[in-house]
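Please look over the model shown here before reading on.

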Amino acid sequence: MYRTVHIDGHRYQVIGRIRLSAVSRACYGKYRFTLRRTTDGTLWTAYDHRVTGASELLRNSG
């Protein structure tokens with residue numbers, strides 16, 4: 001079962017998590033999360049230690 005999170009009044013399912021390479025200290029311990037908005041199925045990306053309601057999302061093109 002996918003984890004669901006609410007961000008900016010929308011519901012998203014976390015469908016993937018990949019650890020970022022430790023090329024720099026800024027990336028240490030962070031992940032790239034792939035999320036699917038449940039209302040329209042669009043894909044979004046978040047970069048951080050975890051996904052929260054305050055996470056900044058970037059829309060995937062394509």
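Predicted model: local features only at pLDDT ≥ 70, side-chain atom pairs only at ≥ 80, totals over all residues.

The questions and answers that follow concern the fold, the overall dimensions and a charged pair.

Q: What radius of gyration does the chain have, against that of a compact globule with 62 residues?
A: The C-alpha trace spans about 35 × 25 × 20 Å along its principal axes. For 62 residues, a compact globule would have a radius of gyration near 11 Å, and the value for the chain agrees with this, being 12 Å.

Q: Is Ala26 buried or exposed?
A: Ala26 is found in the loop between strand E2 (10-19) and strand E3 (31-37), and its C-alpha atom is separated by 18 Å from that of Leu58, which lies 32 residues apart from it along the chain. The relative accessible area of Ala26 is 52%, and because the cut-off for that class is over 50%, Ala26 counts as exposed.

Q: Which residue forms a salt bridge with Arg37?
A: Side chains of opposite charge can pair when their charged atoms come close. The count comes to one salt bridge, and in it the closest N and O atoms are 3.7 Å apart, which is within the 4 Å cut-off.

Conventions
Residues numbered from 1 in each chain as written. Heavy atoms only, no water. Salt bridge = Lys/Arg side-chain N within 4 Å of Asp/Glu carboxyl O. Helix = DSSP H or I, 4+ residues; strand = E, 2+ residues; numbered from the N terminus. Buried < 20%, exposed > 50% of the residue type's maximum accessible area, 1.4 Å probe, protein only. Rg over C-alpha atoms; globule rule 2.2 N^0.38 Å.
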